[in-house]
Amino acid sequence: MMREYLIPGWFFGYDILFALALLIITLAVSLYSFKIYRLSNQKESKFFGIAFLLLSISHFVELIFSFAILSDLTNAFTVLEIQELITFNFMSVLIHAIFSIFGLATLAYMLLKIKDKKIYFGLLIASLLTLILFGDRIYLLYIFSSLFLAFIALYYAVDYFKKRERKTLFITLAFLFLLISNIFLIFSGSNPNYYVVGNSLEFIAYSFVLINLIKVLKK
Amino acid sequence: MNKKRDRLQIIHDILSNIKNKNGRIKPTHILYKSNLSYQMMEEYLKELIEKGFINEEETKTGKTYSINSKGQEYLEKYSLIINFTSSFGLN
């Protein structure tokens, strides 16, 4: 079954700005994580960097796609034929979904300290096959993302309340907001306003990540 | 009671001990100063050599360990490393 995802017309442009901001934030976190890995050889930092790099690539694809659609709507650039648009839409959504899910799966694998690599690769392959074979990729993306984010958010929340370390408050809030944003996005097929709410919450979530990074850099 | 040290802190302690001994130290001094079992110390030293933080040299009096530039950089940037890993829940 295919769902239609309606984006309110007034939101065009804002989603591009959000995607650009998310791209910059995730890329910054990724690069810094790799720097910490280079200094410390701590593998958690490496996986954190890989996860955020995958997420930044997914936001890059999202940005390109959103920009291409907006350009077509405003007729500012070349006009895409309907068939080209459908193909472009298919590829963009698939690539965006794959990188997004791989990023979250990598994060979950690292944080939950899953020792067996077969589980990790099994999750990736299962996600990939499901995305390729089934039609409603956006819906599947939000479902898979919510599942991974539930584990990640739970990990951070339990860790925060157990250790009471204020340092992890922002990252805990970030993943909780990301989880909630994805839940709204799951239902955005039935209500376009949920798409706006979901994207806005996602932006707030990554703002927490950015604040966390700035706090680290300031010290 | 002392809080249990994590890996990053143990590495910091070992490298600091080497640096404080004018950059060169014997294994027995590391064992004494770093508060590790012999087996743990051997594991950490092996890792530090493999990852390029320290060098191992054979002298007439036995093995010695010296810190190199990567190890120095680790000590200099230690607070940054700890801040990042603790803020993002990676420790």
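**A pocket, a cavity and some helices**

Reader: Which element gives the most to the lining of the second largest pocket?
Author: The most comes from α2(A), which contributes four residues to that lining. Helices here are DSSP runs of H or I with at least four residues, strands are runs of E with at least two, and both are numbered from the N terminus. A pocket is an open set of points, on a 1 Å grid over the protein atoms alone, with protein on both sides within 12 Å along at least five of seven lines; a cavity is a set of points where a 1.4 Å probe fits but cannot get out, and lining residues have an atom within 4 Å of a point.

Reader: Before we continue, what kind of model is this, and how are residues and chains labelled?
Author: This is a predicted model, in which local features need pLDDT of at least 70 and side-chain atom pairs count only at pLDDT 80 or more, while totals for chains, interfaces and linings use all residues. Residues are numbered from 1 along each chain as its sequence is written, chains are lettered from A and ligands numbered from 1 in the order in which they are written, and side-chain values use heavy atoms, with hydrogens and water left out.

Reader: How much space lies in that second largest pocket?
Author: The second largest pocket holds about 670 Å³. Such a volume is the space filled by probe spheres set on the grid points, which are joined across faces, edges and corners.

Reader: Which residues are closest to its centre?
Author: The lining has 25 residues, and the closest to the centre of the pocket are Gln42(A), Lys43(A), Glu44(A), Met110(A) and Lys113(A). At least two lining residues each are supplied by α2 (43-74), α3 (82-111) and α5 (137-163) of chain A, and by α1 (7-20) of chain B. By class, the lining of the second largest pocket has 12 charged, nine nonpolar and four polar residues. Here Ala, Val, Leu, Ile, Met, Phe, Trp, Tyr, Cys and Pro count as nonpolar, Asp, Glu, Lys and Arg as charged, and the others, Gly among them, as polar.

Reader: Where is Lys113(A) found?
Author: Lys113(A) is in the loop between α3 and α4 (117-133) of chain A. Its phi is near 55°, a positive value in a residue other than glycine.

Reader: And how many cavities of 30 Å³ or more does the structure hold?
Author: There is one cavity of 30 Å³ or more, and the largest cavity contains about 30 Å³ of space. Its lining consists of Asp159(A), Lys163(A), Glu165(A), Thr168(A), Ser86(B) and Asn91(B). Three of these lining residues are polar, three are charged and none is nonpolar.

Reader: Ser86(B) belongs to which group of buried residues?
Author: Ser86(B) is one of the buried residues of α5(B), along with Tyr78(B), Leu80(B), Ile81(B), Asn83(B), Phe84(B), Thr85(B) and Ser87(B). Eight of the 10 residues of this helix (residues 78-87) are buried, so it is largely enclosed by the rest of the structure. Buried means under 20% relative accessible area, exposed over 50% and partly exposed in between, with a 1.4 Å probe and protein chains only. Just after α5(B), Gly89(B) has a positive phi of about 65°.

Reader: How do α1(B) and α5(B) cross?
Author: Their axes come within 11 Å and cross at roughly 175°. That makes α1(B) roughly antiparallel to α5(B). The contact (heavy atoms within 4.5 Å) involves Leu8(B), Gln9(B) and His12(B) of α1(B), and Tyr78(B), Ile81(B), Ile82(B) and Thr85(B) of α5(B). Axes are lines fitted to C-alpha atoms, for helices over the stretch in contact, with angles from 0 to 180 degrees between N-to-C directions. Angles under 35 degrees count as roughly parallel, over 145 as roughly antiparallel, 65 to 115 as roughly perpendicular and the rest as oblique.

Reader: At what angle do α1(B) and α3(B) pack?
Author: α1(B) and α3(B) (residues 38-50) pack at about 80°, with their axes 11 Å apart. The two helices are therefore roughly perpendicular to each other. Arg7(B), Ile10(B), Ile11(B) and Ile14(B) of α1(B) meet Tyr44(B), Leu45(B), Glu47(B) and Leu48(B) of α3(B).

Reader: One more topic: is Glu202(A) buried or exposed?
Author: Glu202(A), in helix α7 (residues 192-218) of chain A, is buried, with a relative accessible area of 12%. Neighbours within four places in sequence aside, Glu202(A) is in contact with Leu22(A), His59(A), Leu178(A) and Ser181(A).
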